[in-house]
Amino acid sequence: MEPVRTCVGCRQRAKQNELLRAVAQGENLVFDRRAFGRGAWLHQSKNCLDLAINRFAFSRALRTKKQFDTAALAAHIEQAEMMLAQK
Ligand SMILES: [Zn+2]
């Protein structure tokens with residue numbers, strides 16, 4: 001059975017390979033599937049990213065009060081959505 005995770009944005013459950021894993025790298029959040037430590041799972045969707053940011057879901061998922069810079073996540077998703085749109 002494939003592992004299932006909950007998207008921290010829309011709170012829907014999805015197969016792990018359909019979600020991206022955000023981890024803390026200093027003050028920034030980056031997508032990294034293999035990094036050690038806590039991760040926050042997210043659909044590759046601007047909508048889910050915005051929801052997660054508005055709910056402070058990353059800090060909660062990573063068990064910290066820190067406010068992270070999510071610019072790298074937004075850039076990644078923007079690029080992915082652009083590539084999808086070009087197909
Ligand atoms: Zn989602």
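## Leu20 and its partner

Leu20 has Leu42 of strand 5 as its bridge partner. Strand 3 (residues 19–25) and strand 5 run antiparallel to each other and share four bridges. Strands here are DSSP runs of E with at least two residues, helices are runs of H or I with at least four, and both are numbered from the N terminus. Two strands count as paired when DSSP finds at least two bridges between them.

This is a predicted model, so to speak of a local feature takes a pLDDT of at least 70, and side-chain atom pairs count only at pLDDT 80 or more, while totals for chains, interfaces and linings use all residues. Residue numbers start from 1 along each chain as its sequence is written.

## The sheet and the helix on it

Zooming out a bit, there's an open sheet of three strands in the order 4-3-5, with antiparallel pairing. Its edges are strand 4 (28–31) and strand 5 (40–43), each pairing on one side only. From one strand to the next, the twist averages 40°. Helix 3 (residues 71–85) packs on this sheet and touches strand 3 and strand 4, and its direction makes about 30° with that of strand 4. Such angles run from 0 to 180 degrees between N-to-C directions, with axes fitted to C-alpha atoms (for helices, over the stretch in contact). Contact means that two C-beta atoms, placed from the backbone, lie within 7 Å.

## Helix 1, inside and out

Helix 1 (residues 46–54) has Cys48, Leu49 and Ala52 as its buried residues. Down the helix axis these fall within an arc of 100°, so they line one face of helix 1. That arc is taken from the directions from the helix axis to the C-beta atoms. Buried means 20 or more other C-beta atoms within 10 Å of a residue's own, exposed means 12 or fewer, and partly exposed is in between, with C-beta atoms placed from the backbone.

The face turned away from the buried side carries the exposed Asn47 and Asn54. Strand 5, helix 2 (57–61) and helix 3 are among what covers the buried residues of helix 1. Just after helix 1, Phe56 takes a positive phi of about 55°.

## The whole chain

All told, the chain has three helices and five strands, running β-β-β-β-β-α-α-α from the N terminus on. Of its 87 residues, 24% count as buried. Among contacts with a separation of 6 or more, 53% come from residues 24 or more positions apart. The C-alpha trace spans about 40 × 35 × 25 Å along its principal axes.
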